[in-house]
Amino acid sequence: MKLTRRKLLQTGAIAGAASVLPGAAFAAGRARLYDEAQEEGPQRGGENAGPLPAAFDSLKPIRDKIRPITNEDFQARITRAQELMTNARPAYAATYIAPGTSLYYFTGIRWGQSERVAGVVIPRTGQPLLFCPGFEELRFRELMRWPMELRVWQEDQNPGELVAKWLAEKGFRNGRIAINETTQYTYYDKLKNAAPAFEYVLGDPI
C-alpha cells in the first residue's frame, strides 16, 4: 500500500492521541480506513463487484403496506389497557397518563409537558377522561381524534381533585392507580393529595 502524507499524519495522530484522547484516536483511525477503502474500491465493491445475491430479487416495496394510525387503532389500545388492568392481580382502578408519547399512543393527541397539568385517565371500565387547564380547552378539543369527555380546571383549583372527583363518580374510590413513568412529580403529587385512598404504582405493566 502506498504511504501518503495524509496516512503518515493520521498514524502520528493515532499514536499521539490514543493515551489522552480515545475519541480523537478513533476518528483518526476511521479516516485512515476510509482512505484505504477508497484506494481499494474496485476490490471492495466498486465497478468490478459481483452481482447481488439471488435473495435480493425477491424483495418487494413495502410502502403499500404502510397505513396511518386510525381512531380504531387508538381505541383498541385503550381497550387493551383496560384488559390488562382488569386481569392484573390485584386489578388496577385506572391508568393516569401525562403528556408525552404515551398520551399520543392512546389518544392521538400530541401535547407538550408543562407545569400546568393535562393528560388522560383510562379507567378499568368505561370511557377515558381528558383533562387540561381551562384556557387550553379549545386547543385541546381541536386535537381530539374522536368525541371524548374533557374536563378543565381553573388556576385556583387543584387538577388532582378534578380527576379524583371523576373517578369517584365512576365508582373508583380506592385501589391501584398506574402512573405513567414520565409523569412529572407535581402531577402525581396533586393527584395523591386529592385522592390519598388510592395506591399509586408504576404504570409500566399497562
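The legends below describe several close-up views of one predicted protein chain.

Residues are numbered from 1 along each chain as its sequence is written, and side-chain values rest on heavy atoms, without hydrogens and water. Because the model is predicted, local features need pLDDT of at least 70 and side-chain atom pairs count only at pLDDT 80 or more, while totals for chains, interfaces and linings use all residues.

**Figure 1. Overview of the chain and its confidence.** The chain has 8 helices and 6 strands, taken as DSSP runs (helices H or I, at least four residues; strands E, at least two) and numbered from the N terminus. Their order from the N terminus is α-α-α-α-β-α-β-β-α-β-α-β-α-β. The mean pLDDT, the predictor's confidence in each residue on a scale from 0 to 100, is 84, and 76% of the residues score at least 70. Over residues 17–21 the pLDDT is below 50, and this stretch has 4 contacts in the model beyond near neighbours in sequence; a contact requires heavy atoms within 4.5 Å. Of the contacts with a separation of 6 or more, 55% join residues 24 or more positions apart.

**Figure 2. Burial and accessible surface.** Of the 206 residues, 35% count as buried. Relative accessible area sets the classes: buried is under 20%, exposed is over 50%, and partly exposed lies in between (1.4 Å probe, protein chains only). The chain exposes about 13,000 Å², of which carbon and sulfur atoms supply 53%. These areas come from the Shrake-Rupley method with a 1.4 Å probe, and for residues only the protein chains shown count as cover.

**Figure 3. The largest nonpolar core.** A nonpolar core is a set of buried Ala, Val, Leu, Ile, Met, Phe, Trp, Tyr and Cys residues joined through side-chain atoms within 4.5 Å. In the largest one, of 25 residues, Y92, I109, I122, L130 and F140 touch the most other members. At least two residues each come from α4 (71–87), β1 (92–97), α5 (101–107), β2 (119–123) and β3 (129–133). Helix α4 gives the most, with 4 residues. In soluble globular proteins, nonpolar side chains tend to be buried together.

Figure 4. Neighbours within four places in sequence aside, F140 is in contact with I109, W111, A118, G119, L130, F131, C132 and L150.

Figure 5. L52, F56 and L59 make a nonpolar surface patch of about 360 Å². Such patches consist of residues with over 30% relative accessible area and no salt bridge, where like charges are joined within 9 Å and nonpolar side chains (Val, Leu, Ile, Met, Phe, Trp, Tyr) within 5 Å. L59 lies in the loop between α3 (41–44) and α4, and L59 is exposed, with a relative accessible area of 61%.

Figure 6. The peptide bond from R89 to P90 is cis, with omega near -5°. P90 is placed in the loop between α4 and β1. For comparison, most peptide bonds are trans.

**Figure 7. The loop position of Q113.** Q113 is found in the loop between α5 and β2 and counts as partly exposed at 37% relative accessibility. Between Q113 and G100 there are 6.8 Å in space, C-alpha to C-alpha, and the two are 13 residues apart in sequence. Leaving aside neighbours within four places in sequence, Q113 is in contact with P99, T182 and Q184.

**Figure 8. Salt bridges.** A salt bridge places a side-chain nitrogen of Lys or Arg within 4 Å of a carboxyl oxygen of Asp or Glu, and the count by this rule is 8. R67 pairs with D73, the closest N and O atoms being 2.9 Å apart; R67 is exposed at 54% relative accessibility, and D73 is partly exposed at 22%. R141 and E137 form a salt bridge at 3.0 Å, N to O. Because these two residues are 4 residues apart in helix α6 (residues 137–143), R141 and E137 are separated by about one helical turn. Both are partly exposed, R141 at 37% and E137 at 25%. The side chains of E149 and R151 also meet in a salt bridge (2.8 Å, N to O). E115, R116 and E155 are linked in a network of salt bridges.
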